[in-house]
Amino acid sequence: MQVAVLDEPGTLRVEERKRPEPEPDELLVNIREIGICGSDVHYYEHGKIGDYVVESPLVLGHESAGEVAAVGESTDFEPGERVALEPGVPCRRCEHCKRGEYNLCPDVTFMATPPDNGAFAEFVAWPADFAYRLPDSVSLREGALCEPLSVGIHAARRGNVGVGDSVLITGCGPIGLLAMEVVRAAGATEVFISDVVPEKLQVAESRGADATFDVRGTDLIDAVAEHTDGEGVDIVIEASGSEPAIRSTIDAVRRGGTVVLIGLAQDAEVPLDTGKIIDNELDMFGSFRYRNTYRAAVELLADGIVDVEGIVDFERALEDIGVAFERAREATTVKGMITT
Ligand SMILES: [Zn+2]
Ligand SMILES: [Zn+2]
């Protein structure tokens, strides 16, 4: 089978590897659609993310869906079924796993996080309980995009987004745009989004943002105040990782409001006015990957409540992955897909 391997920064190579055999509790999945994530591009450019360093050839890709090609004997799947794969498989034994916070498991196997290989491959063997059946109305591309959609679902849950809430999302990448879909589904009635790339703001506008703020020329706090009678929004979801955006979250949110941080800043230490956090009694939440979101993601897609395909700019075949990554690096690209 063909796999795409990152040898060193800037070098993706397609090579032939032996097809894996599924364990008794695993499925062998013929991967058909894989999203290119910002983290994949980061590994491609820098060979590392924080403490995760690519030391030996790594298969990238963690947003995947495909068709079941073979089944382990203790699974209840059939060959030919279409599935989305949840890319993080926790240990199932630690305190976090037992509490149901399995996204916090320290012994997780996570696709495309060194040393674990990912899904830019024709076949992947994966535990059946981290594979989710897709109904006929959900495409394989949508199945693959359950992964970034899950990040949005978890963030919205962390922020307790509910009916009638106003939400500011900072960052118009795939996560910001999909978080926008989720907060709408959760009942948010005013959704604002900010970025520094006009093309991405246009995408957000065409997808129904109530207002978009280009923060290169607009003061974010002033813009939010103007749209909220000077109060600030109920919830801010920070999905850009930009330091000015992170700093502005506590000024854009109303007194008693909620801030959810997803975007990883280049320098993780960002000064925040803690007096303001206390005085305004803000709830500050980190949001790390997701847990128990895939069923919700599939249901939202099956019911047509969220749109994920509309964020895709292009798709390329696995053998053209180098070209695809160069395109994914462009500032105006929101989401690229690889097909096998
Ligand atoms: Zn991703
Ligand atoms: Zn665990």
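**Close-up 1: Phe314 and its partner across two strands.** Phe314 has Gly336 in E19 as its bridge partner. Strand E18 (residues 312-317) and strand E19 (residues 335-339) run parallel, joined by 5 bridges; strands count as paired if DSSP finds at least two bridges between them. Helices (H or I, at least four residues) and strands (E, at least two) are DSSP runs, numbered from the N terminus.

This is a predicted model, where local features need pLDDT of at least 70, side-chain atom pairs count only at pLDDT 80 or more, and totals for chains, interfaces and linings use all residues. Residues are numbered from 1 along each chain as its sequence is written, while chains are lettered from A and ligands numbered from 1 in the order in which they are written.

**Close-up 2: Helix H4 meets helix H10.** H4 (residues 146-158) and H10 (residues 294-302) pack at about 105°, with axes 9 Å apart. That makes them roughly perpendicular (65 to 115 degrees; under 35 is roughly parallel, over 145 roughly antiparallel, the rest oblique). Here Cys146, Leu149, Ser150 and Ile153 in H4 meet Tyr294, Ala296, Ala297 and Val298 in H10; contact needs C-beta atoms, placed from the backbone, within 7 Å.

**Close-up 3: Helix H4 meets helix H5.** H4 also packs with H5 (residues 174-185), this time at an angle of about 55° and with axes 8 Å apart, so the pair is oblique. Among the H4 residues meeting H5 are Pro148, Leu149 and Ile153.

Definitions and conventions:
Axes fitted to C-alpha atoms, helices over the stretch in contact; angles between N-to-C directions. Contact = placed C-beta atoms within 7 Å.
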